[in-house]
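Student: Hi, I have a model open here. Could you talk me through it?
Tutor: Happy to, let's have a look together.

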Amino acid sequence: MDSKRRDFLRNLGAKTAVAAAAVATPAMDYAASFKEELGRVSDEFQQKLSSTTADLGDRITHLGNRVDAAAINLTYQQAQLNLIFLLLVISFAIDGGMSLAWLLLP
């Protein structure tokens with residue numbers, strides 16, 4: 001009985017080693033191919049991320065230029081309004097001076 005148990009365990013160990021080797025080899029090949037595929041996907045993702053980042057940077061630059069142009073345009077319009085009000089005040093001053101001179105000088 002003892003020798004049958006030893007033979008059984010010895011055969012079981014050999015069969016287990018063969019099964020482990022049979023399973024491990026395809027698993028190693030699968031892991032290597034998965035690693036290569038993961039590397040390709042990672043490279044594609046990195047390229048897309050780089051191009052998207054560059055595109056986003058260009059859009060932000062363009063948006064900044066548009067905001068600067070709008071700010072310059074608003075400053076110009078504010079200067080125009082200030083000039084119009086200044087001319088209006090000068091016009092009222094001249095009109096008031098002329099009316100005062102017409103009243104005071106007979």
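**Helix, patch and salt bridge**

Student: Is I90 buried or exposed, or partly exposed?
Tutor: I90 counts as partly exposed because its relative accessibility is 40%; buried means under 20% relative accessible area, exposed over 50%, and partly exposed in between, with a 1.4 Å probe and protein chains only. This is a predicted model, where local features need pLDDT of at least 70, side-chain atom pairs count only at pLDDT 80 or more, and totals for chains, interfaces and linings use all residues. Residues are numbered from 1 along each chain as its sequence is written, and side-chain values use heavy atoms, leaving out hydrogens and water.

Student: Where does I90 sit?
Tutor: I90 is in helix α1, residues 2-104. The protein has one helix and zero strands (DSSP runs, H or I of at least four residues for helices, E of at least two for strands, numbered from the N terminus).

Student: And how much of the protein is buried?
Tutor: Buried residues make up 0% of the 106 residues.

Student: Which residues form the nonpolar patch?
Tutor: L83, L86, L87, I90, I94 and M98 do. Patch members have over 30% relative accessible area and no salt bridge; like charges are joined within 9 Å, nonpolar side chains (Val, Leu, Ile, Met, Phe, Trp, Tyr) within 5 Å.

Student: New topic: how many salt bridges are there?
Tutor: There is one, a side-chain nitrogen of Lys or Arg within 4 Å of a carboxyl oxygen of Asp or Glu. R59 and D55 form this contact at 3.5 Å, N to O.

Student: How far apart are R59 and D55 in helix α1?
Tutor: They lie four residues apart, about one turn of the helix. R59 is exposed at 58% relative accessible area, and D55 is partly exposed at 38%.

Notes. Accessible areas come from the Shrake-Rupley method with a 1.4 Å probe; for residues, only the protein chains shown count as cover.
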